[in-house]
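Some notes on the model below, for your reading.

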Amino acid sequence: PEPDCSGPEPDAAGTAAGWLRVALDVPLRGLFDYRGRADQAPVGSRVIVPFGSRKMIGVVVEHPLNPDTPEDQVRDVEQYLPDTAPLPDAWLRMTAFAARYYQRPLGEVMLPSLPASLRKVSAYQGKRSAEGPVARLRKRKRKAQPVVQQDAPPSLNDEQRRAAEAIAAQQGFRTLLLHGVTGSGKTEVYLHAANAVLAAGRQVLFLVPEINLTPQFEQSLRARLAPVVGEDGLAILHSGLAEGERLDAWLRATEGKARILLGTRLSIFTPLPELGLIIVDEEHDTSYKQQEGLRYSARDLAVWRGYDAGVPVVLGSATPSLESWFRASNGSYDLLRLTKRARDVSLPGIRLVDTRRLQLQDGFSPHLLTAIGECLARKEQALVFLNRRGYAPVLRCNSCGWVSQCPRCTAHTVLHRGKGYRNFLQCHHCGYQAPVPRACPSCGDQDLKPMGRGTQRVEEVLGEYFQGARIARIDADSTRRKGSAAELFAQVHAGEVDILVGTQMVAKGHDFSRLGLVGVLNADSMLFAQDFRAPERLFAQLMQVSGRAGRHAGQGQVILQTDYPEQPVYQALLRHDYEGFARHTLQEREETGLPPYAHQALLTAEARELSAALAFLAQAGAQEGMPCADRVTLYDPVPLRVVRVANVERAQLLAESVERPALQAFLAAWSERLHAVGREHKVRWHLEVDPLEI
Ligand code: ADP
Ligand code: ZN
């Protein structure tokens with residue numbers, strides 16, 4: 001055959017144009033070819049291109065010899081964006097891996113992982129924006145940071161020293177699981193390991209699960225490592241930042257000016273040219289899992305990134321995920337242990353109060369009320385934990401049994417106490433709000449009563465029992481305003497709060513210095529959840545919240561109210577026995593063939609009618625002709641527990657295999673087919689690899 005000598009046309013300037021293959025953030029598989037100059041658009045650079053009637057920013061991933069579509073249909077690149085260096089190879093590899101592993105189009109991985117202004121056409125075009133966001137940012141002066149006093153670092157105890165040395169001694173990739181009981185001083189271990197890596201001229205990526213934990217770590221990092229890396233050597237990234245701050249942190253990390261990047265899950269995608277160590281604190285935390293769009297696990301990607309970069313990865317927790325514990329048990333990970341608290345205090349004493357034969361007062365046992373009183377008398381703080389925000393989980397009519405229901409979801413609406421006692425009902429699934437009815441909509445009776453208790457009601461009750469006590473509530477409602485969570489936590493740390501009421505937000509990571517007592521309400525509600533991971537999550541949560549007590553001085557005390565004190569989860573908690581709990585639960589998982597002994601992917605379909613969602617899944621579930629089909633089990637489609645949310649009905653189908661490569665091969669072919677089947681049915685669907693909740 002004749003060789004193809006046509007080549008691209010020279011452009012107006014007479015320079016040879018080439019072909020550019022571009023990844024775009026569109027829900028279509030594949031990449032998109034444009035005509036443009038390869039010398040101006042190296043692989044990894046960003047360009048503005050036309051797409052349909054829109055313009056979009058994309059990432060150049062290849063300079064193909066020929067376009068995939070007929071040449072006369074290939075459109076021209078509209079603008080080159082040289083204001084950032086091309087994204088580096090390591091970033092291209094990682095996004096390609098994530099796209100492959102999580103079965104998403106490459107552009108849907110790449111673009112969302114960049115700061116918004118680097119992927120928004122409007123940031124570059126239009127009168128005021130022609131110079132682009134990076135130039136605008138560089139004209140602004142960076143805010144100087146409040147220099148923090150450097151506190152004298154404690155000298156490490158033997159266990160801490162051994163752990164820090166084991167990390168620092170790593171040459172190349174290795175995953176180390178740091179299992180340290182609550183208050184064992186894991187932070188000091190991270191700081192020492194980080195110090196060694198920074199001194200060797202490498203960068204450190206430090207992941208924390210929650211925005212609320214960044215101030216605590218920022219303070220320690222600034223105080224302890226700023227002398228090594230300079231005030232500008234620390235960059236912070238989380239979703240609560242203004243766009244300019246986020247771009248600034250991203251650029252400094254990417255250009256190597258920031259030596260430590262501290263951030264939440266989204267920072268896992270930030271290029272770090274001299275990466276030397278990755279730390280994932282509270283690695284068990286489900287916040288590392290993104291629950292929409294690209295449903296990735298930042299913890300899992302951290303391990304892949306360490307492998308790709310040839311650097312050690314430290315996963316730290318008092319309650320490691322069973323996946324990580326399993327890998328440490330079989331030798332894939334190294335296990336480092338901190339078995340006692342770092343300060344001269346012991347783990348809190350835990351007491352289960354059997355509430356079956358007790359007369360509770362507003363949800364409180366006499367034991368807990370007495371203990372709170374004694375705690376306050378000792379001038380210590382008390383924490384009351386319950387994982388339910390709002391005033392009461394439901395409003396009920398005492399006459400006919402009517403309960404408040406969301407009209408858009410198969411769920412109750414929650415009673416909330418608004419400003420000035422203007423109460424309202426809110427759906428925690430779709431956000432729907434309604435005023436509280438004056439009378440029962442069903443029978444007209446006016447005897448409507450809140451049923452059960454949420455954080456607001458507990459706060460109110462405590463106020464009545466402990467008059468004069470300063471009470472603070474920390475939950476998603478009380479911290480909606482930007483910065484309010486940080487303010488509330490600062491008040492707790494400063495001793496301006498006597499009783500803290502909170503949801504899981506208060507359970508994580510915080511090093512409270514004056515907290516003597518933790519009371520746990522309503523833990524039972526999680527005992528009988530259907531999700532096979534529920535006991536694991538409950539145990540971790542209880543162990544974590546218990547671990548907030550007695551961290552600096554005194555003897556911490558935990559009181560857990562339950563109707564089921566004999567449950568294995570509670571019995572293990574009583575003994576602070578993570579390892580026993582893990583062994584027992586892993587054995588159950590092995591017997592039932594559940595993760596980590598199997599690998600899963602979850603296909604979810606959403607439609608106006610449940611029947612349409614189920615029909616799509618039924619057709620999707622025919623697996624003939626798929627690779628490795630004999631090693632992958634597809635279960636029957638089932639409706640979700642909360643089947644309708646915001647008038648959309650949902651069903652799901654679980655795929656499972658004991659061999660990860662078999663599942664991956666299957667999923668790659670399967671997701672091709674899902675796109676085709678999805679077009680025939682009017683459903684929205686998504687595939688989630690390694691789902692956390694099924
Ligand atoms: P966790 O393991 O729960 O993350 P932290 O890192 O928050 O524990 O440490 C708990 C407390 O112990 C902190 O107040 C910390 O300053 C203190 N600490 C850590 N290491 C030492 C040490 N070697 N000597 C004395 N105190 C220490
Ligand atoms: Zn709703």
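1. Helix H3 (residues 132–139) and helix H7 (residues 243–254) have axes that come within 11 Å and cross at roughly 90 degrees. H3 is therefore roughly perpendicular to H7 (65 to 115 degrees; under 35 is roughly parallel, over 145 roughly antiparallel, the rest oblique). Helices here are DSSP runs of H or I with at least four residues, numbered from the N terminus. Axes are lines fitted to C-alpha atoms over the stretch in contact, with angles from 0 to 180 degrees between N-to-C directions.

2. On H3 the contact uses Pro133, Val134 and Leu137, and on H7 Gly244, Leu247, Asp248 and Leu251 (contact: C-beta atoms, placed from the backbone, within 7 Å). These divide into 5 nonpolar, 1 polar and 1 charged. Ala, Val, Leu, Ile, Met, Phe, Trp, Tyr, Cys and Pro count as nonpolar, Asp, Glu, Lys and Arg as charged, and the others, Gly among them, as polar.

3. This is a predicted model, in which local features need pLDDT of at least 70 and side-chain atom pairs 80 or more, while totals for chains, interfaces and linings use all residues. Residues are numbered from 1 along each chain as written, with chains lettered from A and ligands numbered from 1 in written order.

4. The axes of H9 (residues 322–329) and H15 (residues 578–592) come within 11 Å, crossing at roughly 95 degrees. So H9 is roughly perpendicular to H15. Leu322, Trp325 and Phe326 of H9 meet Ala582, Thr585, Leu586 and Arg589 of H15.

5. Mean pLDDT for the chain is 93, and 97% of its residues reach 70 or more (pLDDT: the predictor's confidence per residue, 0 to 100). Over residues 1–7 pLDDT stays under 50. Where pLDDT is low, predicted coordinates should not be read in detail.

How values were computed:
Helix = DSSP H or I, 4+ residues; strand = E, 2+ residues; numbered from the N terminus. Contact = placed C-beta atoms within 7 Å.
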